[in-house]
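Here are my notes on this model. Please read them with the structure open.

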Amino acid sequence: MKHHLIKLTILNIIIAITIAGCGGGEEEDSAVAATAKVPVIAEPTITTSELVSDPDFNFTSSTDLDVTVPASPSTTVSYFINICTDFTHENNEVKINYESCKLRKTLTTLEQAFTLSLSNAEMTLVAQIWPIENGAQPVTLYWNITESGHSWKITI
Amino acid sequence: MFSFKRSIQCWLFVCLVVVNSTLSAAPFESCPSKAFLMQQITAQLYGVNLVTGNYSLLSDNLGTSDKINAIGFNFHDNYIYGWGYEWGTLVRIGSDFQATPIALENNPGVNFYVGDVSLNENSYYFYRKGTNYGLYKVSLDEQSSDYLNVIKVIDGADLSITIYDLAFHPDNGFAYTVDKNGVLYQINVITGASFALGNVGEIGTFGAVYFDVEGNFYISRNTDGYVFIIDVADSSPSASFFAYGPSATQNDGARCAIAPVIDESIASTTDYGDAPDSYGTTLFSNGARHGLSDIYLGNSITTEHNANVYPKTDQDDGIIFLTPLLAGSDSLIQVQATGAGYLNVWGDWDRDGEFSPQEKLISDKYMDNTSEVFLVNTSSSALNGFTWVRARFTSIPDIVASGGAPDGEVEDYRVLVTNSGNSQIQDTPYYIAFEDSWPEQGDYDMNDVVMLQNSSILLTEQFEVKQIEFQGQLKAMGADYHNGFAIQLDNILPSNVNASLVRFEINGVLQEVSAIEEGTDYLVIKITDDLRSHIQVTESCKYYKTVEGCTNSSLMTYNVTVPFITPISLNEFPQAPYNPFIFAQDATYHGDLFFHPGRALEIHLKNKMPTSKVDPSWFGVADDATQEANNYYYQTSSGLPWALAINPGSQEEWKHPIERVDLIQAYPDFQIFVETGGNKSSSWFSQSNAVNSKLY
């Protein structure tokens, strides 16, 4: 099982690098666009008190994400998953702000489904799965709303 | 033999008179905050930071080949005085750290190791036990007729205590000391009368004792260097561990008693934690603290003159909790250590606001310039919810959770404890922004009250909510009115709350009042009756963080943990942002429409139901167009709200408009968001879509 996990880790690292590469390209495009055009924020023509809203509209905006977390790959070692929104890459390592984690749980013997509510500004997530053992090395996976939509089935 | 000794003494006296006339070393420039410690058989002088016990050698050559003892700092002339064994007389030490002997009339002719300089008078007092000796005084005042003339205050037969140093109180004129059995004595040096004030609970040779300007008495034990602090005014004085100082077989201390132990005129060299002060964080609470050194956690260390207590925080970077702490199970934490030392970690498992010696996660783990992932086991008795964890890394093993250490670092973390079968779901952070003019339409600057609300739930394996936790921070208050703040969990019965395990803190301080409001149909978590009571404002800046140029260092945060007796199905549990609301404080003005409406006036998010304490007769008054039958609440006839819940995500904060700036002026995309019913410009709140000059 551990050997299988190592293979998966390598695969995930490759995926991560690929995704990170894609992300960088997009950022570069954005940067070019930003330097080429100064963003103009339109002057409002009315005041808030002049707005009209449907009585059912509650003025909040959020995005739901359906996440399926995998079953634990082992019955002898516990596995723990963190799904978080705030992360960066430094020196080929992902640095996660664990205070941003939306879901933290020990994997069970079964797949489990959760619905997470995200801000519209939260477009990417990271999932990190740790075997709770000495010398632990995590498996890291990513979700991107543009590519994956509103559901994420995590597999290891 | 006798005549030979007398002739030697006469020769020495003549020499000393000559030396005395040439005293010229400059005094110390000021009354220093550091203590002085004299050690070794050939005298060496150290400077000791009492805050941490950190010490450094000031001089290993004081111009003598023998001991100097019984030292005291004289604030009348800023010199150190002591007893020089080489010359058998008083010595004076200036800023050049050279001891100069001073001839005394009526020198008792033996050496002394107990002494200090009085603050009330410019006189040096010294003591030796024994019927042939006692307590002596010598004036250091050149204008005195007794200048350098030794006077015996009391005979050793009448003052017989086994002591190794004494120090003068900064205010009351008494000298204090602790004998080898731990008995604290107060000595009236005018009469020589002594009073045993009680046993302080520590025994040993306390060779160096000091006072600070607050009247705190510090005693340093030779064998282990432990520094204890004693409140001499206490009716039952006791010695509390204060810092790990230097140990020595021979010790004597001196300090300028009118100096505070923290010198804020120089750069800080002490690292503190930032947990609430109940954990022992500030110097006042004998908090955990470390002298600046090359030993620390993570990549950097911060220093402060005194602790930044939660909700103020330090930048901590040494520990990463890769998993929550799982009660009764193994968890993973990553620790980065710079330098070599011992790591000790405590956790407040029973959430009583203290670290007990038994609440330990890691004990004396030696680390040397490394980063490691540890498997740690949390006590099975640890309560679920957020608690505080303290990590200390220092070269000293087996340290306790508070007190000073000469090197290393302390880092405090607020950490989730849960059970391995539970899931934690953290809601997206919401900024709840209110207009408090209901039922009259406001000016829509949406900053009368702005509360950042974080929340998380713990789920059982059956997908039932067993506990909810709120953490909030007041971000702005542009209100003239006195508003309370609360959160209703719609359709959740208050009788299902496990009241004995509810934990409620404001600014990290455990509250005695319950957060669960009584007499409501559904569960209401009441944070405060008056937000203004938590914030300090001035006449010129009467609002909190809404007016340009009006900064305010006040902070108001809250944490509430609410466990349920019977877990509630996730499908039946309300969703974030739940139902936060403000209400009028009782007996205060809240507009011209009502006289002191009090708790019955509530302002909620649009279409969120009021509590059972609201006065429904006020619905429909003025601009309010609530239709209870249709579940349309807190909206105008145009469908506009008095409150917004804004969720920019965890990586961005929402900045509210400055005072009297219409929301649309600050966030133009809000117009499209509203006009499209939320289908477009759903990130209207982003700073990239804002007119930043109109934001606070």
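1. Domain bounds here come from an automatic or database domain assignment. On that basis chain B splits into domain 1 (22–254), domain 2 (270–418) and domain 3 (423–660). The C-alpha centres of domain 1 and domain 3 of chain B are 59 Å apart.

2. A word on the basis. This is a predicted model: local features need pLDDT of at least 70, side-chain atom pairs count only at pLDDT 80 or more, and totals for chains, interfaces and linings use all residues. Residues are numbered from 1 along each chain as its sequence is written, while chains are lettered from A and ligands numbered from 1 in the order in which they are written.

3. Look at the open sheet in chain B. Its 4 strands run in the order β4-β5-β6-β7, with antiparallel pairing. Strands are DSSP runs (E, at least two residues; helices are H or I, at least four), numbered from the N terminus. Two strands pair if DSSP finds at least two bridges between them. The edges are β4 (68–74) and β7 (99–102) of chain B. Strand β6 (residues 89–93) of chain B pairs with β7(B) over 4 bridges. There, I93(B) sits opposite A99(B).

4. Now the interface. In chain B, 53 residues contact 42 residues of chain A (contact: C-beta atoms, placed from the backbone, within 7 Å). β31(B) contributes the most to the chain B side, with 4 residues.

5. The two chains also share strand pairing. Strand β5 (residues 101–106) of chain A pairs antiparallel with β31(B) over 3 bridges. K105(A) has S423(B) as its bridge partner.

How values were computed
Contact = placed C-beta atoms within 7 Å.
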